[in-house]
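Visitor: Please show me the model, and let me ask what stands behind each label.
Guide: Here it is.

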Amino acid sequence: MSRLHALGFLALAALLVAVPLTADNEYELRLFMLFLIYGLIAVGLNVLVGLTGLVSLGQAGVFALGSYAGAILAVRLGADLITASLGAAAIAAIFGVALAYPTVRVRGVYLAVVTIAFGIIVENVAIEWSALTGGTTGLSGIPTPNVFGYELSGYGFYGVLAATLLLATLAAHNLKDSRYGRAMLAVSQSEIAARSLGIDATAMRILAFVAAAVTAGVAGAFYSFLNAYISPDIFTFSDSVRFLLMVILGGAATTFGPVLGAFVLTYLPEYLQDFQLWQKFAYGALLLTVMFVLPRGVLGTAGFVLKRLRPPARGLSAADMEMARVGLPAAARGATAELVTQGLTVRFGGLTALSAANLRVKGGEIHALIGPNGAGKSTFVNAISGVYQPSEGAFGIDGEDLTGKRQHQIARLGLSRTFQNTELFGDLTVLENVLVGGQSRLSYGLADALLRTPRRRREERDLRAAAVGLLAFVDLTDHAKEAARHLPFGLQRRLEIARALAARPRLLLLDEPAAGLTTQEIGSLADMIRKVAAAGVSVLLIEHHVDLIMAVADTVTVLDYGQVIASDRPGVVQNDPRVIEAYFGSPVAHGDFAEVPA
Amino acid sequence: MTTILQYTLSGLAIGGVYALVALGFHIMWSTAKAVNFAHGDTLMIGAVLAVMGVDAGMPVWLACGLSILAGGAFGVALERIAVRPFTAEANSIGWMLSTIAIGIMAESLATMQFGGFSRALHSPGVDRPLNVFGAGVYAQELLIPAVAVALTLGLGLMQKRTLIGRAMRAVAHDKRAAALMGVNVGRIVAISFGLSALLGAGAGVLVAPVIQASATMGVLLGLKGFAVAIIGGITSAPGVLVAGLLFGVLEKFVEGYISTAAREIVAFSVMIAVLLVFPQGLFGKRETVKV
């Protein structure tokens, strides 16, 4: 944990201890306890909004679920605070998973509308199912909170709330700072690249939704105990907007931002009461002002300004450079890998983009795949990396069938790829990009991440050493701490190769790696590809650049109209009449150029 | 039988309102890939201003005309202030929250001017109920779906035949290419927001005699309009129209046979269910990913 964050946690803890000692009356303390509850919701919502980039405008619905679950358990079954909270958390978690399910199909605004719909459905189920919820009159008579039979005093309940918020903030911080947080950020910036590195994007989104739901659920149970009465009109769409605004105002993806945002938006309505009729208007105006003046939120902007004033070093520290000597690691699984495709066919509607392609990349070789525009090269790449499902045919590595597997599963089985139009995680640093590349090899679990166990520390340290080594291999150590999107184009291409290598692939798939590079850069790219192959990684190179292919390829396969028309050594393919015809047209039509060697 | 006919006709009326609101979402989304989350408040502005105009002694037609124009102006201004500054960003949080903010402000202003209670607009369309095979409906209720159908057809014609309509389609297809062809993209987006706001305010004026006009009427109608747009497939105007009418009828039946709360539960559950099965809506076009 950085020193700044440690200080922040100390300050938060000090504040939480000081407030009850200085509170003048019960109303003041009660308001502060309301803030603690909202803070809990915001901290969880930040995992969803800040890290995973998904907007939920239905958080009040989850909050309501938790409230009703807690209240019903307490009133009807006499559950204590702990049982009621756990019950609320469990029910909220189930709905968190259910809410995550639509993200498989829809994102962005559509998802926002799904969450809005969810909130409205919960509100109306609470009205309709009056036997359980008390309908519009609500549930009253929620007992004072007690734990294991001991009744909690006002201060005791305060202690529970304060400790929960502090621990939740700490857990969220640890989550962000682990393989899970990194994976969430990666998924939010380029899902396709994250999947190509073995990250299960769906699992990450489910985790984020569950984190947001569990905290909101527990907060709901606490709320019902604090208020002793709940009714459907407490959980409306505008509350969902307020919860989201807490995260944005404080600073999405920051550790303390949501807590700060919750604090401001708990106390602000108290002050806005002076405006009387204008209260709601002022609230809307404030929301608009935040979006214009502080789109990154208070702490996000503060961090940005701090970076401007004291720019951190762009390169690596001396201690890190020590690790750079690792360099390019040998291939992960000893023996070199062979990729075989049999009759691979991809159809889009009536169009056959790839027709019964048979191709064999021998272990440890550099195999180039070429063909005119529209020949089906990209389709081939996307089919064997799992982006498209082949309509017919099969493919596999070393006899292991990969057909029908999903993108991240194929990646975990040893196939890494780069992209024609680079797909970096733009806002992550160069080093973080490579860390994401290597993280499907990590084995520590969620509990290790949340508790920062020694195992987590050890694995993260090893991952970092490997990543620094790869940065040294592609000569990017001087840029390690820069945001990836600020890199010049040529360096972005190299970073993508380092990131793909970090997954320790058996087969590296390079999709037009030389496009847009200078002659000099292509020269060093050729060296790099040779070194990768020498380390035992098979390379499939999709390229237009003839010089590069002639310089590095062991075998060249030519595609035209979705079919393999030649596959042999470069020199042979270069003189193949069918290849020449594919590129330059039929010799009959251009009589002058008919001297094609047969 | 009469009950079924009654529910169908009333359902078509409210469905026509949803269709008009959803048509606005369709127009905005097509050109800007962003929408006005306060679009329901455009409807509210149309309804509330019309009632206030009549209060001030204007004839109904003038009050309605002026309030529709005011709604259109609101749409154009909102696009300029709250949408355009944020459309360059990759995620949609920016314009979602900024348009919600404008909606909150509009609603608060309306509450102050109009008061916190609901009032109906007096229109000749609701003077006396007509008897249609035993079901009692107002002429106004029959008018709404007819207007929705006519405007959808008109929109289709405009998009095919007029220069502005073609420019709108070009912008919807590829903003940059349209700009290179000399289309003023900013102006086309502003026009599309204005046009959708005219439809929204028009829906407000049409529905104000049937349901009560109030400062808070916009939120739920707006959300349902958006739900309808998504169900129909936000890229398809006829799809949105059909979905809107069906949605209204479905709602009336659930409301009639069960309850108002059940109406909201069923309506929004249907939306989620449709999205899960048809992510691009019932009549929308699927967008393919390319890497």
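Predicted model: local features only at pLDDT ≥ 70, side-chain atom pairs only at ≥ 80, totals over all residues.

Visitor: How do you know how far apart the centres of domain 1 and domain 2 of chain A are?
Guide: The two centres, taken over C-alpha atoms, are separated by 42 Å. Domain 1 of chain A covers 3-236 and domain 2 covers 339-593, with bounds from an automatic or database domain assignment. Residues are numbered from 1 along each chain as its sequence is written, while chains are lettered from A and ligands numbered from 1 in the order in which they are written.

Visitor: What makes residues of domain 1 and domain 2 of chain A count as in contact?
Guide: Two residues are in contact if their C-beta atoms, placed from the backbone, lie within 7 Å. By that rule, 20 residues of domain 1 of chain A are in contact with 26 residues of domain 2 of chain A. On the domain 1 side, helix 7 (154-176), helix 8 (179-189) and helix 9 (191-196) of chain A give two or more residues each. Helix 8 of chain A has the largest share, seven residues. Helices (H or I, at least four residues) and strands (E, at least two) are DSSP runs, numbered from the N terminus.

Visitor: Which classes do the residues on that side of domain 1 of chain A fall into?
Guide: They divide into 10 nonpolar, six polar and four charged. Ala, Val, Leu, Ile, Met, Phe, Trp, Tyr, Cys and Pro count as nonpolar, Asp, Glu, Lys and Arg as charged, and the others, Gly among them, as polar.

Visitor: What makes a set of residues a nonpolar core?
Guide: The members are buried Ala, Val, Leu, Ile, Met, Phe, Trp, Tyr and Cys residues joined through C-beta atoms within 7 Å. The largest such core has 302 residues, and those touching the most other members include Ala117(A), Leu471(A) and Ala227(B). Helix 10 (residues 201-227) of chain A gives the largest share of this core, 17 residues. Domain 1 and domain 2 of chain A both give residues to this core, so it lies between them. Ala227(B) touches Val113(A), Ala117(A), Ala267(B), Phe268(B) and Met271(B), leaving out residues up to four places away in sequence.

Visitor: Why is Ser92(B) called buried?
Guide: A residue is buried if 20 or more other C-beta atoms lie within 10 Å of its own, exposed if 12 or fewer, and partly exposed in between. Ser92(B) has 21 C-beta neighbours inside 10 Å, so it counts as buried. Ser92(B) sits in the loop between helix 3 (60-83) and helix 4 (93-114) of chain B. Apart from residues up to four places away in sequence, Ser92(B) touches Val55(A), Gly108(A), Val109(A) and Ala34(B).

Visitor: Is Lys33(B) buried, exposed or partly exposed, and what makes it so?
Guide: With 16 C-beta neighbours inside 10 Å, Lys33(B) counts as partly exposed. Lys33(B) lies in the loop between helix 1 (2-32) and helix 2 (39-55) of chain B. The phi of Lys33(B) is near 50°, a positive value in a residue other than glycine. Lys33(B) and Ser92(B) are 59 residues apart in sequence and 9.5 Å apart in space, C-alpha to C-alpha.

Visitor: How do you know that the radius of gyration of chain B agrees with that of a compact globule?
Guide: The radius is taken over C-alpha atoms, and the globule rule is 2.2 Å times the number of residues to the power 0.38. For 291 residues a compact globule would be near 19 Å; chain B has 19 Å, so the two agree. Buried residues make up 55% of chain B.
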